[in-house]
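Here is a short briefing on a structure. Look it over first, then read on.

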Number of protein chains: 2
Amino acid sequence: MTEFNVSAHLQEVLASFSLCNDARFKAIMSAVVRHLHACITEVKLRPDEWKDAIEFLTETGHACTEKRQEFILLSDLLGLSTLTIGINQQRGDDCLEETVEGPYYWEGAAELPSGADISEGVKGFKTYYYGRVIDGSGAPIANALLDVWSGDGEGNYDMQLPGQQEMMARGKFRTNTLGEYGFWSIKPSYYPIPSDGPAGHMQRKLGRHPNRPGHIHFKLSADGYVPVNTQLFIANGPYLESDCVFGVKPGLIVDYVEHPAGVAPDGREMSKPFSSVPFDFRLTAIQHSNARTSYEDR
Amino acid sequence: MTEFNVSAHLQEVLASFSLCNDARFKAIMSAVVRHLHACITEVKLRPDEWKDAIEFLTETGHACTEKRQEFILLSDLLGLSTLTIGINQQRGDDCLEETVEGPYYWEGAAELPSGADISEGVKGFKTYYYGRVIDGSGAPIANALLDVWSGDGEGNYDMQLPGQQEMMARGKFRTNTLGEYGFWSIKPSYYPIPSDGPAGHMQRKLGRHPNRPGHIHFKLSADGYVPVNTQLFIANGPYLESDCVFGVKPGLIVDYVEHPAGVAPDGREMSKPFSSVPFDFRLTAIQHSNARTSYEDR
């Protein structure tokens, strides 16, 4: 039998990029081609499996709408999102870890006064989040911005609720001169990612569950510090050990301290039981002239 | 700086497939994950580049319609289609080489008598294709099926012509007891792949041209022989050395012999000049019980 020359074929494809004048794009596409060729050769992909792959990618594209990003879901489920974030982290030791943004960020939440309650109309156990934003030495960072969002106590984000047009459980807060922040929201539940599309089909076929542990999202930024996109996870909650998008980091797991009715840490009189989450966010000072200063730069 | 543990992360993703009970799917997805993680790590993909990739895949999906398959185009342009075909070839030495099917196959062409002309209404230089279908030892294969299609002499397939509802330059032919076939069509031109979508955008950004050399497609099948999906390419034509989908094989390049008006090889009286293409298709006998016997099996 005549053997197909895998290596000569790869060289021919790579050589076709010789006139590319975007060095970075050429390097990325060359790596993509090398690794995809190696993958196909390694598993000896059959033509019917190649067709299945084409169909899967097509369906994934067709599942993407203004409200749904199936390729991000796919990237999350295969650990590609967490990997990309991990290899780009610019943080000092013990500083806040980044994790995936996920598909539920909604630009333009209102900036609210410290102590505001963003849980109006949101199902779930009332919770007070408070603490400080500090630098690597523990010194407070004033005027840091916390952009906060979460799903509710039943596992749904506002944009997933039928007919819900307004933002819920979202808000922006700034630290005071002592670096302090504080706001009221709810204790978010674990939830399944949308698994009625191609990514969900793949997840089931891989024998995996579709769940994420309960968490609340924060985008943190402050002049002179590396911005961080992160989440706080509820200690002892389900799926903490098997987050389907691999987003959990040990330093991001927090206790939800339960309290009976009475006076809250901010002095508010609570007629029902509530929980509180004290957490200090430690940011890394920007060292390099070319470092990111806002999310828009990324 | 704390380092993200690339290797531990990869192991975590692979471990999440542990309950998958489809061994082949698990092997493929594990390879996909390993190679994609290696690729992202190697190029140190930035978050903005990851976003570009998500957007590119989304647009590629949205460009796929009933009449257009942008992911196949992408696969072709990166040499993945040719690679998949190459590593699955089951042919004896000197037997017919396979190449890409491309996106223009149209199921259900009519089976026509030997010598029929499928060039009615098709722009291009009239050409007679003839020869034999033979086995590895040169013995004729009777009743072999040739499923033929091509674009026209200006580079357009029937399905690309505005308002064209009927098939043109397509037909099925069978060999006689001597293994002979013969039919009339045209000499196909080189042409550009559709480059107004995301795949074309990528091709331009890579500094590549979008052209395929002139060729005519054949699907060959016969009882007891490995079916072959292939193309014949016009010798000395443009883009033979740089087919944008890497489909050219030396054994598939054929001379278009030019003739003045007069008697054609099949005895037909031609009032204008024409060309002829003599070519023998050499098929490989099926050796294994699990070999493919038709395209539907693949």
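In β14(B), the bridge partner of I134(B) is R282(B). That pair belongs to the two bridges that join β1(B) to strand β14 (residues 281–282) of chain B, and these strands run parallel. Helices (H or I, at least four residues) and strands (E, at least two) are DSSP runs, numbered from the N terminus. Two strands count as paired if DSSP finds at least two bridges between them.

This is a predicted model, in which local features need pLDDT of at least 70, side-chain atom pairs count only at pLDDT 80 or more, and totals for chains, interfaces and linings use all residues. Residues are numbered from 1 along each chain as its sequence is written, chains are lettered from A and ligands numbered from 1 in the order in which they are written, and side-chain values use heavy atoms, with hydrogens and water left out.

**Confidence**

- Chain A averages a pLDDT (the predictor's confidence in each residue, from 0 to 100) of 93. In chain A, 95% of the residues score at least 70.
- The pLDDT is below 50 over residues 293–298 of chain A. Beyond near neighbours in sequence, this stretch still has 15 contacts (heavy atoms within 4.5 Å) in the model.
- For the complex, the predictor gives an ipTM of 0.90 and a pTM of 0.89.

**Symmetry**

- Chain B superposes on chain A by a rotation of 180° with 0.0 Å of shift along its axis, at an RMSD of 0.0 Å. That is the relation of a two-fold axis.
- Both copies use the same surface: 100% of the contact residues of chain B recur in chain A.
- Copies are superposed by least squares on the C-alpha atoms of residues with pLDDT of at least 70 in both.
- Which residue of chain B comes closest to the rotation axis? G61(B) does, with its C-alpha at 1.9 Å.

**Other partners of β1(B)**

- Strand β1 (residues 126–134) of chain B is joined by seven bridges to strand β4 (residues 180–186) of chain B, and the two run antiparallel. Y129(B) has F183(B) in β4(B) as its bridge partner.
- β1(B) also pairs with strand β13 (residues 274–278) of chain B, in the parallel sense, over four bridges. Here T127(B) stands opposite S275(B).
- Strands of a sheet pair through backbone hydrogen bonds, either parallel or antiparallel.

**Five-stranded sheets**

- In chain A, an open sheet of five strands has the order β3-β2-β7-β8-β9, with mixed pairing.
- Strand β8 (residues 228–234) of chain A meets β9(A) in the parallel sense over two bridges. The bridge partner of I234(A) is V254(A) in β9(A).
- In chain B, an open sheet of five strands has the order β3-β2-β7-β8-β9, also with mixed pairing. The edges are β3 (170–174) and β9 (253–254) of chain B.
- Six bridges join strand β2 (residues 145–150) to strand β7 (residues 215–221) in chain B, and these two run antiparallel. S150(B) is bridged to I216(B) in β7(B).

**Helix packing**

- Axes are lines fitted to C-alpha atoms, for helices over the stretch in contact, and angles run from 0 to 180 degrees between N-to-C directions.
- Angles under 35 degrees count as roughly parallel, over 145 as roughly antiparallel, 65 to 115 as roughly perpendicular and the rest as oblique.
- In chain B, helix α3 (residues 47–63) packs on helix α4 (residues 70–77) at about 125°, with the axes 7 Å apart. That makes α3(B) oblique to α4(B).
- From α3(B), F56(B), L57(B), T60(B), G61(B) and A63(B) meet E70(B), F71(B) and L74(B) of α4(B).
- By class, this contact has five nonpolar, two polar and one charged residues. Ala, Val, Leu, Ile, Met, Phe, Trp, Tyr, Cys and Pro count as nonpolar, Asp, Glu, Lys and Arg as charged, and the others, Gly among them, as polar.
- In chain A, helix α3 (residues 47–63) packs on helix α6 (residues 198–205) at about 130°, with the axes 8 Å apart. α3(A) is therefore oblique to α6(A).
- F56(A), E59(A), T60(A) and A63(A) of α3(A) make that contact with P198(A), A199(A) and M202(A) of α6(A).
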